[in-house]
Amino acid sequence: MAVADPMCLFCRIVAGQLPADRVYEDDEVMAFKDIHPQAPFHCLIIPKAHVATLNDFSPEQSALIGRLLLTAKRIAGEHGLPGYRVAMNVNREGGQVVFHAHLHVLGGRPLKGALG
Ligand code: 5GP
Ligand code: ZN
């Protein structure tokens, strides 16, 4: 697994080469506002290391997946979201456009409707 892919949009955000509205960062995880928000609150949570899709995480990275999810909880708490939605698109057929794995966190209004 490459730690950073110079061609990857989100790796470039991690490296500070592209701007982003950061909402959280630690040694392994970063979160920033989605550039085209689909709810009043919409951020993306990513591993700092380049992992293309959920399918590319290894069993040894199980704790990292847990950290991504717990970061969603943390951010929701810090932003006063009483409820929120966490989603991850996997591969083109799953709606993934940026191939650096990310969780979407959406909230700020009552969420309903079909996911697919
Ligand atoms: P996907 O469809 O891959 O799950 O979601 C990619 C998300 O990344 C989209 O919601 C899109 O609006 C967001 N996005 C694409 N390019 C950028 C960017 O340069 N900066 C930020 N902050 N978000 C981006
Ligand atoms: Zn990347």
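Here is a short walk through the chain and the ligand it holds.

The model is predicted, so local features need pLDDT of at least 70 and side-chain atom pairs count only at pLDDT 80 or more, while totals for chains, interfaces and linings use all residues. Residues are numbered from 1 along each chain as its sequence is written, chains are lettered from A and ligands numbered from 1 in the order in which they are written, and side-chain values use heavy atoms, with hydrogens and water left out.

Let's start with the fold. The chain has two helices and five strands, and from the N terminus on these elements run α-β-β-β-α-β-β. Helices (H or I, at least four residues) and strands (E, at least two) are DSSP runs, numbered from the N terminus.

Now turn to the ligand. Around ligand 1 there are 15 residues, of which Asp34, Gly95, Val97, His102 and His104 come nearest; a residue is near if one of its heavy atoms lies within 4 Å of the molecule. Helix 1 (9-14) and strand 2 (29-33) each supply at least two residues of this shell.

The side chain of His104 places an N or O atom 2.8 Å from a ligand 1 oxygen. A backbone N or O atom of Val98 is 2.9 Å from an oxygen of ligand 1, and a polar backbone atom of Ile35 lies 3.3 Å from a ligand 1 nitrogen.

Definitions and conventions
A polar contact is a pair of N or O atoms within 3.5 Å; within protein, one must be able to donate a hydrogen and the other to accept it, and residues adjacent in sequence count only if both atoms are side-chain atoms.
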